[in-house]
Amino acid sequence: MLFNILGVTCGYGASPVLKDASVQINSQDFVGIVGPNGSGKSTLLRTISRVLKPIHGKVLLDEEDIYQISAAEVARKMAVVNQEQGLNFPFTVKDVVMMGRIPHLKRFARESPKDFEVVARAMDLTDTVILANRQVTELSGGEKQRVLLARALAQQPQILLLDEPTSYLDLNYQIEIMELMVRMRRDCGLTIITVLHDLNLASRFCDYLLVIKKGYIHAVGTPHQVITAHMIKDVYGCEVRVECPDSIERPYIVFNGETKRATEGGERWVHVVGGGGSGVQLFRNLLNGGWQVSTGVVNIGDSDWQEACRLGIKVIEAPPFCNVGANEAALNKEMMQKAEFIILAGIPFGTGNIRNLESVLEEAERGAPVIVVDNIDINKRDYTGGKAALLYKNLLQSGAQIVNNEWEAIQLMEGSAVNAI
Amino acid sequence: MIHNNVLKRASTFILLLVVLLASAILGIGIGAISIPPSETVRILFSHIPGINNFLTAGWQPEYATIIITMRFPRVVLAALVGAGLALAGAVFQGLFRNPMADPYVIGVSSGAALGAVSNILLQSIVNIPMHYGIPAFAFIFAVMTILLVYNLARVGGKAPVMNLILAGVAVSSVISALVSMCMFFSGNQLHQVVFWLMGGFSGRGIDYVYMFIPYGVVGTTIIFIYARELNAMLLGEEPAQHLGVEVERVKRRLLIAAALLTGACVAVSGMIGFVGLIIPHIVRMIFGPDHRTLLPAVALIGASFLLIADVLARVIIAPGELPVGIVTALVGGPFFIYLLRRQKSDMF
C-alpha cells in the first residue's frame, strides 16, 4: 500500500472542513476525488500533499508519516499540480519546469545533463517544448496548466496530485491531459490522485472515485459502483440520468434537465398540429409549462411522432408515408374539441397532411381557440400547388390568433388564463 | 548552449565588478581635495602586503592620510551599505512576491530609526556620550521590529505573506509616530536627529566598516544559501512547499537575514531610502527573476549605485555636503519611473 490516510480530520482554525477520512490508495491507482464545491475535496488534497497538517489522524506514505519527514523527501516522491496560480514572475517556461528538479539537487549544485534530459522529456510529454523560451506570464490559462504539469513530471514523482487539472483547458486538452495521465500511470508507474469537477471525465478515466459530501467521505469505489443517479441526487441534490451501455464502458451522466413527462402534465390541455420535427421543442416547453399535450395527425416514424412517444404524449397517428385518412382526421378533430387551445405549428403542407390544415380551419371557423404560429411564409412551405396557401389565407382571416413563434403562443395561452381569472 | 550562458554570465559579472572598482577609485579621488586616479591606485596598492615592495612612494603624504583615514573607509562603507540595502530589498520583494516591498514596508527601517533617535535623546538626557550607542540601538530595534512583525503575522504556525505585509505596515506606522514624537520632544537635539534620519556617510571612519562586516557577512551568506528557495517561493508558498522547500523555516531565516542587513545598514548610515526598492527592480528588469543571478548582480549594482550617489552628495554643493538619502531619492526616483514607463508591462 502506497498511501494510507488514517482517520484524518483537518481544516482551518477551529472548525474542521474534513472529518475522519480514511482511505487506502495502492501503487499505480488512478483516483478521482469528486464532490460539490466546498465539500472538502481540495482540503483533502492539501492535507495529503503535506501543506495542511491534520488536526487528528495520519497520512502515511510508504508507511511513513509525511508530516514527520522533510518536504524535500516528500517532493522526491510526490508532485502536486495546483490550480493555475503563482506564475506571475517573468521566468521562462524552461526555468519553471527546471524548478521541478529542486528536490533532487544538492545545495549550490548546478543542473546536470541528466536534469536537462528529464526536463526535456517532461516538456515533450506535455507539449510545452514550443513554449520553452516564452515567459510564463504571457501564457494562457491552459498553457500555464500544462507548464505546471511539466514541472510536476520533472520531479519524477511516484505520486501525482492534481487539483482540477482540466478546469482551464479546452476540450481537446482536457482529454489529452487525462490520457497523458493514463499513459504516465502505465509507462512510469505513477499513482494519480486528482480532484475533478467533471463527473463524466472522472468516470471515464479514474479507476476509483472518492465522493466527498460536506466533509465526509460519502462513497469510495469504481465508477460503476459510485456513479449512480441515486448518489448524485444524494450528494449534488439534482436529478440526472446515468447511462451505462455495458460493463466495459464507463457510466456517464446525462442531464435530463427539468423536462416533465406527459403523465405529469397539468389540467389544461393543448392540442398541437405539427409534424416533421416542428413540435420537438414545443412539446417540452409546453410540458414544462404544466400543460397536457396531445398531437396529431402525424405519420408513424416522423420525428414529432418519435418525440411524442418518448414524452408519453397522446398522439393521433397515420401509417408511414400515407395520407391522413378520414378516420384519423375525425379522431384529430375530437382531440381539438376537447383541448383548451389548438396550436398550428409552422409546418410544410403536402398532399399527405393537407387534411390537418382543413381540420384546423374548420375548427377555427367554428370559433375554437386556434393559435397559428406564422413563422415561415406559407408560400415557401406549400407543396400542394396553392391549395394549402389558400386554406391558410382563410385560416388567417377566420379569427384565429396569429403569433410569430412558439414562445408567443405559450405566452398568449398563459395570459389568457390570467384574464380568465 | 549552456556553456555559452555561463560565459555570458561570467563576463557580465566581471563588467559589474569593474564598474564597482572604477566608481570606488573615482569616489576616493573626488572631494574637497581632488586626487588623481593614478595616485589613488598607487596609494591603495601600497597598503596591500607583497605589492608595496614594488612601489616607490612618490605621492604627497597628505594624500595618503586623506585616502586611508577618510575617503577609503567612507567609500567602502557606502558600497557595503548599498549592497546590503539592495540585497535586503531583493529578499523582501522575492519573499513577499510584492514589488513594493522593501525594508521600509516591513517596518525594519523605521524600527532602526526609532532605535537611533531614542538613543540620541537618551544621550542628551543622561548626558553621557556613547560613540557606538546609535548603531547598537538601531540594530537592536531593527531586529526586534522584524520579530514583532513576524509574530503578529503568525496564525497557527504560519505567517502568510499578506499578514506579514499588513503587520509590517501597521507596526511601521506606529513606529513612525513614535519617531515623530521623539523629534517633537528632542528640543536642541532636533538637528542631530534630523541629520541622522536623512542618512549619509560623512565622518564615518573604518570602525563603522568593522561594525558592519559581521552582520553583513552573516546576512549575505544566509541570503545566498537560499537563492534557489527564493526562486521557488516566487511561485507561491504552497507550490514551493511542494517542491520540497521548508517554507516557514526558509522564510523565517530570510527575514532575520534581511533584518540583520537592514539593521546594520541603518545603524551605520541612517535612513537611506530607495536603494532597497529600486535596485532589485532595475536588476530584475535586466537579468530576470532568477535569484541565483539576481542576488549577486543586485549586490554589485547596489554598491556601485550608492557609491556614486555618495560622490554626487559630496560634489553637488561642494564644499558643503548633501545627505546621501536626498540624492538617492532625487536620482533614483525619476530613473525608476522612466524604467516603469518604458517597460509598460507588469511591475515585475
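In this predicted model, strand β4 of chain A is joined to strand β5 (residues 64–65) of chain A by 2 bridges, and the two strands run antiparallel. Within this pairing, L61(A) has E64(A) in β5(A) as its bridge partner. β4(A) and β5(A) form a hairpin, with 2 residues between the strands. D62(A) lies in the turn and has a positive phi of about 50 degrees.

β4(A), which covers residues 56–61, also pairs with strand β1 (residues 3–12) of chain A. That pairing is antiparallel too, and it has 5 bridges. One position in it is N4(A), which stands opposite L60(A) of β4(A). The table sets out the two pairings of β4(A).

| Strand pair | Direction | Bridges |
|---|---|---|
| β1(A) and β4(A) | antiparallel | 5 bridges |
| β4(A) and β5(A) | antiparallel | 2 bridges |

Turning to the chain as a whole, chain A holds 15 helices and 18 strands. Its radius of gyration is 31 Å, whereas the globule rule gives 22 Å for 421 residues; the value is well over the rule, so chain A is more spread out than a compact globule. Taken along the principal axes, the box filled by the C-alpha atoms of chain A is roughly 95 × 45 × 40 Å. Of the 421 residues in chain A, 52% are buried. Among contacts in chain A with a separation of 6 or more, 66% are between residues 24 or more positions apart.

A389(A) sits in helix α14 (residues 387–396) of chain A. Its relative accessibility is 14%, and because the cut-off for buried is under 20%, A389(A) counts as buried. Leaving aside residues up to four places away in sequence, A389(A) touches I378(A), N379(A) and D382(A). The C-alpha atom of A389(A) is separated by 8.9 Å from that of F349(A), a residue 40 residues apart from A389(A) along the chain.

How do two helices of chain B cross? The axes of α3(B) (residues 61–96) and α12(B) (residues 275–287) come within 7 Å and cross at roughly 70 degrees. Angles of 65 to 115 degrees count as roughly perpendicular, so α3(B) is roughly perpendicular to α12(B). On the α3(B) side, the contact is made by G82(B), L85(B), A86(B), G89(B), A90(B) and Q93(B). α12(B) contributes V275(B), G276(B), L277(B), I279(B), P280(B), H281(B) and R284(B). By type, the residues of this contact are 7 nonpolar, 5 polar and 1 charged.

Notes
Residues are numbered from 1 along each chain as its sequence is written. Chains are lettered from A and ligands numbered from 1 in the order in which they are written. This is a predicted model: local features need pLDDT of at least 70, side-chain atom pairs count only at pLDDT 80 or more; totals for chains, interfaces and linings use all residues. Side-chain values use heavy atoms; hydrogens and water are left out. Axes are lines fitted to C-alpha atoms, for helices over the stretch in contact, and angles run from 0 to 180 degrees between N-to-C directions. Helices (H or I, at least four residues) and strands (E, at least two) are DSSP runs, numbered from the N terminus. Angles under 35 degrees count as roughly parallel, over 145 as roughly antiparallel, 65 to 115 as roughly perpendicular and the rest as oblique. Contact means heavy atoms within 4.5 Å. Ala, Val, Leu, Ile, Met, Phe, Trp, Tyr, Cys and Pro count as nonpolar, Asp, Glu, Lys and Arg as charged, and the others, Gly among them, as polar. Buried means under 20% relative accessible area, exposed over 50%, partly exposed in between (1.4 Å probe, protein chains only). Two strands pair if DSSP finds at least two bridges between them. The radius of gyration is taken over C-alpha atoms; the globule rule is 2.2 Å times the number of residues to the power 0.38.
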